[in-house]
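Subject: Structure handover

Hello,

Here is the structure I promised to pass on. My notes follow below it.

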Amino acid sequence: MKQVTLTVEGMSCNHCVNSVEGALKSAGASGKVDLASNTVAVEYDETKVSLDALKEAIEEQGYDIVS
């Protein structure tokens with residue numbers, strides 16, 4: 001399993017947390033949002049899903065990936 005922390009802009013509430021974590025789960029990964037630091041700790045199997053696909057899943061929810 002690969003782990004990466006992404007900085008995501010636009011998250012401010014529990015709905016945001018649920019949207020981002022749900023999108024990652026649907027894409028085949030797990031994620032833990034930290035609203036205080038605007039980050040998402042993501043764990044995924046890179047043989048099953050790409051980081052780009054995970055970033056796209058977050059962006060489709062209306063959030064911007066900074067890094």
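A word on terms before the findings. Buried means under 20% relative accessible area, exposed means over 50%, and partly exposed lies in between (1.4 Å probe, protein chains only). By that rule, lysine 32 is exposed, with a relative accessible area of 59%.

Two notes on the source. This is a predicted model, in which local features need pLDDT of at least 70 and side-chain atom pairs count only at pLDDT 80 or more, while totals for chains, interfaces and linings use all residues. Residues are numbered from 1 along each chain as its sequence is written, and side-chain values use heavy atoms, with hydrogens and water left out.

Overall fold

The chain has two helices and four strands. Their order from the N terminus is β-α-β-β-α-β. Helices (H or I, at least four residues) and strands (E, at least two) are DSSP runs, numbered from the N terminus.

Along the principal axes, the C-alpha atoms fill a box of roughly 30 × 20 × 15 Å.

Of the 67 residues, 31% count as buried. The accessible surface comes to about 4000 Å², and 43% of that belongs to carbon and sulfur atoms. Accessible areas come from the Shrake-Rupley method with a 1.4 Å probe; for residues, only the protein chains shown count as cover.

Contact means heavy atoms within 4.5 Å. Take the contacts between residues at least 6 apart in sequence: 61% of them join residues at least 24 apart.

On charge, the chain has 5 positive and 11 negative side chains. The centres of the two sets lie 7 Å apart. Lys and Arg count as positive, Asp and Glu as negative; His and the chain ends are not counted. Each charge is placed at NZ of Lys, CZ of Arg, CG of Asp or CD of Glu.

The core

A nonpolar core is a set of buried Ala, Val, Leu, Ile, Met, Phe, Trp, Tyr and Cys residues joined through side-chain atoms within 4.5 Å. The largest one has 17 residues. Those with the most contacts inside it are Val8, Met11, Val20, Val40, Val42 and Ile58. The elements giving two or more residues to this core are β1 (2-9), α1 (14-27), β2 (29-34), β3 (39-44) and α2 (51-59). The largest share, four residues, comes from α1.

Which residues does valine 20 contact, leaving aside neighbours within four places in sequence? They are Met11, Val33, Val40, Ile58 and Tyr63.

Serine 19 also lies in helix α1. Serine 19 is buried, at 13% relative accessible area. Beyond its neighbours within four places in sequence, serine 19 is in contact with Gln61 and Tyr63. Serine 19 and serine 37 are 18 residues apart in sequence and 17 Å apart in space, C-alpha to C-alpha.

Threonine 7 sits in strand β1. Threonine 7 is partly exposed, with a relative accessible area of 26%. Not counting residues up to four places away in sequence, threonine 7 touches Asn38, Thr39, Asp64, Ile65, Val66 and Ser67. Aspartate 34 is 27 residues from threonine 7 in sequence, and their C-alpha atoms are 9.7 Å apart.

Asparagine 38 deserves a look. Its place is in the loop between β2 and β3. Asparagine 38 has a positive phi of about 55° although it is not a glycine. Most residues other than glycine have a negative phi. Asparagine 38 counts as partly exposed, at 29% relative accessibility.

Back to lysine 32, which is in strand β2. Lysine 32 touches Glu21, Thr39, Val40 and Ala41, residues up to four places away in sequence not counted. Its C-alpha is 6.6 Å from that of valine 42, ten residues apart in sequence.

The N terminus

Methionine 1 lies in the segment before β1. Methionine 1 is exposed, with a relative accessible area of 69%. Its contacts, leaving aside neighbours within four places in sequence, are Glu43, Tyr44 and Asp45. Methionine 1 and serine 37 are 36 residues apart along the chain, and 23 Å separates their C-alpha atoms.

Best wishes
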